[in-house]
Amino acid sequence: MFRMLLWKEWRENLWKLWFCGAASIAFTAMLFRIRIVPDISNCMLISLVQMFVVPVVYSLDIFSGEMSNRTIHLLFKIPVRKWMIFFSKYIVTVIGILVIFLITGVLMEFMAHGREARVLYLFKTNLLFGLAGLALFTWFCAFGCQSRSEAGSLGAMFSVFIGWGIAYFWATICEVTWAALFVPYSLTELGADGIVVMIFLQSLVSVMVLVIAFYRYASIRRYL
Amino acid sequence: MRVSGIIHQQICQLKWHLLACLGLIMVLPIEEAIVDLRAGDDYLSSAMASLAIMFSPLLAGLIACANVQGDLNEKRYIFWRSKPANVKLLITLKYFIGLVASLLIIACPVIFVILCSIIWNSEGFDRFVPLPILIAIMAYSLCFACNVVVRKTARAWLIGMLIGCFVLVLPFMLPLNLKDFMTDVMLLTFGLYLTIILVVSAAAFLFALYAAQHDWYLKTNLRELLWVGTGLVFILLMLFSSQVANIKVLCEREIDAAGTNELAYLGNRVILNGISYVDIDNNKISLSHVAPDPDTGLVWLAWGESAYGREGYIAQIYPDPRHGGLYKKVGDEVYSLVIYAYCSEEISGLYEKVYLRSYRFAEDPQPRASELDISDCLMDRINRIRIAARLIDNILVVCVDDSCIVVDVADPNELRQIDEKINVLKDVRWHLEYEDRSKTFAVPLVPINDINIEERIRLSIDLIYRFYGSIYESSIVDIHDGKIAFFSASQRDVARFDVTSWDDEKIYCRFSAARPFTILEGMAGAPGRNGRTFVKDQKLYCYEDEQLMVFDVSLDRSIRKLGHFVRMDRNIEDIAVLEDGKLLLCTSWSKRGGIGHHRQRRYLYLLENPE
Amino acid sequence: MIEAAIKIEGLHFSYGKKLVLKGVDLEVPKGSIFGFLGRNGTGKTTTIKTLLGLQKPKAGRCIVGGLDSVTKTLEIRRRIGFMAEDQQMYGWMKVSRIIKWVAGFYSDWDQKFADELIDVFKLPTDTKVKELSKGQNSSLALLLALGHRPDIVILDDPTLGLDPIARKDFLRHVIDLLQSNNVTVFFSSHLLYEIEPVADHIAILDKGVIIKASKTEQLRESVRKFVMKPALEANFSRIPGILDVLKVGDNVSVTIEDCDEAKRIQLKSMSANSMTETALNLDEIFEAYVIGNRG
């Protein structure tokens, strides 16, 4: 049953994988070919844009699409538990985001072959941004799983951006250390001390946020 | 229609959206203020407020969409359209009410910062604020028009923003099938951007009026929108790369080298640092040692005398053989010509002797071929001595401070002084000012009769405006078809000056054209006065730090950009134009390879010369 | 006593502060076709959602097929078939695909039966769902609701948006397929003339409570309309069971429920002249219950 839901979500969101993948590959290939800035700068730029754009594209209608197309009635009618519905969407998005970042990372290494002394540095940097993108999507789920339209999803995503901005401001300028746990962007400073601990702690935060998101999703009744 | 009723309804409809946007735009400035005050500082910084204003176009777009959706969304428009409403009046009122509301919201952080700066007597904005506000007006208009047609908030907002970005970026990018947008089309000024913003805003408003009147509805599909939008961005990037990365790299090779590198011409070959020949075969760079012993080369062979001169003296050498050199080939023998100036160790700046020496490149324990004492050119000055030299066929003109010595180097084993002009370059202004562009000005013509007049003019201009540069190997003067022009680069532009006439003592010049640098070109730092400029074969080469620009100067009163090469992590140290027209670049690259370890790597690039 | 397929006891539900259901009590006999009537906004869909366990009631309980709707919602959804009003399905899937997909969620899906239904409804299997007509869409939704051979089928305004011919076809299918197989059908609609020929039982929901629940035939028998010229001191409100008193010129039309001989005599006494008695259709009965002037 879960497999059926996974299949349906995968099939429904496949165009997003194609779109983000094609766009990432095209822009990576172009920027690495013209090489105006150093490879690591290209990597950071592409990874940063991907970190925001890919989750936004996935989030636009992954939950709100069911509401606006009114297919949520069908979804809630079939005898499946709500956690299956929620996690099928979440897992498909996670796989999609990871695949895109993996492909882009490999392409970066291929195009910068021989120029970067540190082994798999570009790939690892890109992957860290991918993890940050996953965290962004997880936070979005908590805010936007009940949105009824694309506008609502965008609004929820912007709220997360602003929340991250505020937390980042606290963490960096006000030096409130615990605020850094809520800003996965700090993961992207590869080579920083304690990065493994930071990844672990932020993963814990993401798991808590995911649980909250699931409970919010499971409590959708009002809009049916 | 009751206008006041409509205005009231529109404001009520928008109130929550306006409050939300107000909250969004003020959250960062207020937070910053609170943090500063709690830390005991006054509210000195306006960074967050500037950041909030930077995002004001996004919020203006949101307000526009909310404004239109209130009455024109898919389901509600039937209700509204079935009423006897004056469409144009309604749309006009909606537009201006929303616009005024947006501007009021955007003004809030500005007023906040102004008030704070008055209260705490601190500086206000550190950025240029009006521009984002103007862009916000355009964003509002575009999103308004899109929403009238698309009738879905998120999509209309995305489309409006995309069109706005496209309109802003396109003037940078349009090649219009012409090589140089700047020279061939127009000059980019703030006035142009103001025009674009206002015209686009007005056009969007009129379009919205027309679309509402005729009930236009564009069915959109999210997928198609994303593909189209991304395609547009990709096209923009292609245009961008065609403007700033349009010189083809044929070959890139890492080389072993240390110190600042230079390329020098030796006949039709290029020498790197006086140690290696640089050969091109099938667009591949190969290096071969000049001397049989790989540890030696022209550099070391020429380094006959100790660089630090005789006991009690410090030597200044021109040109430094480690970096380049004046080379002369006679039959199969290659000679290097070097000028040594000796300064007393005891009295700083007092130069006592200047020698011109020639060195033969051979396995010779005594490589010095000849020496000529040209100390007569020294004046009583306590200053760092300026030396320049140029080899024109068999004549070597050496300039020391304000004096010129002409030497016959037909036989490098026997250097012979043939002329001497003392103090001919005194009272000269060594750089061009913007005031020079408005009048004809005169440049002293060096009184050396042993070279033809064109070379005299070239030498005079190079000596005055390029004295500190490598005039032994390049020039800023272009001479062709009997016309003479020279070029000067600054932070703002590249200027062309034509030589209009000359007499026995002076050359008369007049400004003829300037080619300003665009913002895009300046992103890596436009070549300023410190940048290096030279002309060869009716092409002007400007390079500094990470970028190189090639201009076509063959036409009168014209400077047309042909190509642009940028590498933000490379420092271009020297350029050579090969016989077949290709360009050879020598660059360095600094990188921290580990804790405290600073590595330098050097590269040679072979580039295709743009046409 | 016939066992109840669906039982609702003291159901209360509110949206925020607004109380929509104020104590609904209902029993749907097994094997019956049950018409659930009410005006727009009275809470029909809310009741149905509570039956499915999609919403938790403020008070009361719902038993569907012997299972509590709050705690056994998954089992209920496995056992019943449900068709929502204007049900939208995944437009990008083909008909065959969506049937296969939904079948995967039911362990007792009868594909042979589903194939028969495809023939009966004349559904084009290779067409995408978004390309189907409204009638075909409804047929597909019904197929998906019936494919696992449920013993209870809940239809929430299933003919919404269909033209008259499509509606007749749909109802015919419902009767043909379900009535003969002893399936309980809980049918919510406000098109009373459609329900009347098919429903065995009727319940009328108004202002958050069930104001009448009865067998259809019994209801038609017990609710009568009397037209008369009223006597001068006639006071119809003294007669219990008055549903509607309507002045028509000099005459008065009185609709009364649970009409028996005693009430006839009482009415006769208030009449100035002769009195005519007529039976009412469901439409008129519903109108009398819901908006009748009680005198």
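**Confidence and conventions**

Chain C has an average pLDDT of 85, and 99% of its residues score at least 70; pLDDT is the predictor's confidence in each residue, on a scale from 0 to 100. This is a predicted model, in which local features need a pLDDT of at least 70 and side-chain atom pairs count only at pLDDT 80 or more, whereas totals for chains, interfaces and linings use all residues. Residues are numbered from 1 along each chain as its sequence is written, while chains are lettered from A and ligands numbered from 1 in the order in which they are written.

For the complex, the predictor gives an ipTM of 0.82 and a pTM of 0.74. Chain B averages a pLDDT of 79, with 81% of the residues at 70 or above. Within chain B, the pLDDT is below 50 over residues 175-179, a stretch that has 12 contacts in the model beyond near neighbours in sequence; the pLDDT is also below 50 over residues 184-188 of chain B, where 10 such contacts are found. Two residues are in contact here if their C-beta atoms, placed from the backbone, lie within 7 Å. Where pLDDT is low, the predicted coordinates should not be read in detail.

**Contacts of chain C**

Between chain C and chain A, 17 residues of chain C are in contact with 17 residues of chain A. On the side of chain C that touches chain A, the elements that give two or more residues are α2 (73-79) and α3 (95-103) of chain C, and α2(C) gives the most, with three residues. Helices (H or I, at least four residues) and strands (E, at least two) are DSSP runs, numbered from the N terminus. By class, this side of chain C has 10 nonpolar, four polar and three charged residues, where Ala, Val, Leu, Ile, Met, Phe, Trp, Tyr, Cys and Pro count as nonpolar, Asp, Glu, Lys and Arg as charged, and the others, Gly among them, as polar.

Chain C is itself divided into domain 1 (4-216) and domain 2 (223-291), with bounds that come from an automatic or database domain assignment. The centres of domain 1 of chain C and domain 2 of chain C, taken over C-alpha atoms, are separated by 36 Å, and the contact takes 10 residues from domain 1 of chain C and six residues from domain 2 of chain C. On the side of domain 1 of chain C that touches domain 2 of chain C, at least two residues each are supplied by α7 (192-198), β9 (201-206) and β10 (209-215) of chain C, and the largest share, four residues, comes from α7(C). That side of domain 1 of chain C has six nonpolar, no polar and four charged residues.

**A covered strand in chain C**

Strand β8 (residues 184-189) of chain C is mostly covered, in that six of its six residues are buried; a residue is buried if 20 or more other C-beta atoms lie within 10 Å of its own, exposed if 12 or fewer, and partly exposed in between, with C-beta atoms placed from the backbone. Both faces of β8(C) are covered, with Thr184(C), Phe186(C) and Ser188(C) buried on one side and Val185(C), Phe187(C) and Ser189(C) buried on the other. Strand β3 (residues 33-38) of chain C pairs with β8(C) in the parallel sense over five bridges, and Phe34(C) stands opposite Phe186(C). Strand β7 (residues 152-156) of chain C also runs parallel to β8(C), joined to it by five bridges, and Ile152(C) stands opposite Thr184(C). Two strands pair if DSSP finds at least two bridges between them.

**Helix α1 of chain B and backbone details**

Helix α1 (residues 3-38) of chain B has a kink of about 50°, centred on Lys15(B); the bend at a residue is the angle between axes fitted to the seven residues ending there and the seven starting there. The buried residues of α1(B) include Leu14(B), Leu18(B), Cys21(B) and Ile25(B), and what covers the buried residues of α1(B) includes α2 (47-54), α3 (56-72) and α5 (87-120) of chain B.

Most residues other than glycine have a negative phi, and most peptide bonds are trans. Asp393(B), although not a glycine, has a positive phi of about 55°, and lies in the loop between β11 (387-392) and β12 (395-400) of chain B. A cis peptide bond, with omega about -20°, joins Tyr318(B) and Pro319(B).
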